[in-house]
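Please read these points with the structure open beside you.

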Amino acid sequence: MTRPSSPATRRPPFDPELVTTLEKLTAAEPRVVSPQALAIRRQRYADAARTLDHTAGGAVTMEELDVPGPEGGADVYLTLLRPSTGSMPLPLPAIYFIHGGGMVLGDRYAGIDALVPYAADGSAVVVSVEYRLAPEHPHPAPIDDCYAGILWLARNARELGIDPDRIIVMGVSAGAGLAAGIALLARDRGFPALSHQILLRPMLDDRMQTHSSQMLDGEGVWDRNENAFGWAALLGGPSEVSPYAAPSRAEDLSGLPRTYLDTGSADTFRDETLEYAGRLSAHGVSVDLHVWGGGFHGFENQVPDAALSRICRTVQDEFIRRALAPARQAKG
């Protein structure tokens, strides 16, 4: 695959194991830059997510809940995955998961297959939230839905067998941006207390002024054209942008929970991830940051058997399991 020639937009090389699959994806998937392409991708997302077994062959009980939404709004849908066995010690920590999709794609089933093992082995209750998508529902609808869901979860934690002091917010891509927004909201409103935020290749900055945001045009991965489409769908016309919508705009990052961030070196969101990690550290937040050399956006899921993907998932898993451990084990 040809690299851009302009020094201003040059990208690092893709990992060789990823290139062949990337070329196939480029040929098969329409880029999300129009309402027509968006409709096609939404259907493919839904079809793929719903074919998966989220019960791990019966080890996991799957519950569907309608909970109160934002004030004056419709209910929010949550999917809960919990261990099926009744012998697990309670309460368990919770992973509150927010799916990706550029603010315009996906549903609460997208991506939760990766979290099924934590419910299956009794490590956690996994909760995935359905939020309204842009452009039909621009900001603040998505963040309002996500906050309403985690608010209900925290208020009802004991009844759900969840430890209210061990709630992790986790998101992927646009969902990671929403997770970062939730962490800011929870800090500013004083509830709920979050133990960690896990931000995988997060979509954080609507301004798209970084080098990495401009280096991937036409290369078959999420580039600035799709990024512009997603942000325009979320934010609408020119206006003051809330840091809860675009967390990179937050001036004060102090008082946030321990944070895991990762990105690929050839990811559109690379630079905003690095900048956010640096600013979190400067504000006294404990940060675990990983940049995967040669990785493009979503590589570990799209090319799961590649060595880089296996290492990436192993490191993510190790952090999550430490985060889920009781406090006396997690320290140090």
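1. Alanine 228 is partly exposed in this predicted model, because its relative accessible area is 31%, which lies between the 20% limit for buried and the 50% limit for exposed. Alanine 228 belongs to helix α6, residues 224-235. Between alanine 228 and glycine 102 there are 9.7 Å in space, C-alpha to C-alpha, although the two are 126 residues apart in sequence.

2. Two packed helices are described by the angle between their axes and the distance between the axes. For helix α4 (residues 141-155) and α5, the axes come within 10 Å and cross at roughly 60 degrees. That angle makes α4 oblique to α5. The crossing of α4 and α5 is right-handed.

3. Which residues make the contact between these helices? From α4 come Pro142, Ile143, Cys146, Tyr147 and Ile150, and from α5 come Leu178, Gly181, Ile182, Leu185, Ala186 and Arg189. Nine residues of the contact of α4 with α5 are nonpolar, one is polar and one is charged.

4. Helix α7 covers residues 270-282, which is 13 residues. From its first C-alpha to its last, α7 reaches 19 Å, close to the 18 Å expected at 1.5 Å a residue. Glycine 284 follows α7 and has a positive phi, near 85 degrees.

5. The buried residues of α7 include Tyr276, Ala277 and Leu280, and also the charged Arg270, Asp271, Glu272 and Arg279. What do the buried residues of α7 pack against? Their partners are α5 (174-189) and the strands β6 (196-200), β7 (258-264) and β8 (287-292).

Conventions:
Residues numbered from 1 in each chain as written. Predicted model: local features only at pLDDT ≥ 70, side-chain atom pairs only at ≥ 80, totals over all residues. Heavy atoms only, no water. Helix = DSSP H or I, 4+ residues; strand = E, 2+ residues; numbered from the N terminus. Expected span 1.5 Å × (residues − 1). Buried < 20%, exposed > 50% of the residue type's maximum accessible area, 1.4 Å probe, protein only. Contact = heavy atoms within 4.5 Å. Axes fitted to C-alpha atoms, helices over the stretch in contact; angles between N-to-C directions. Parallel < 35°, antiparallel > 145°, perpendicular 65-115°, else oblique. Left-handed = near helix turned anticlockwise from the far one by under 90°.
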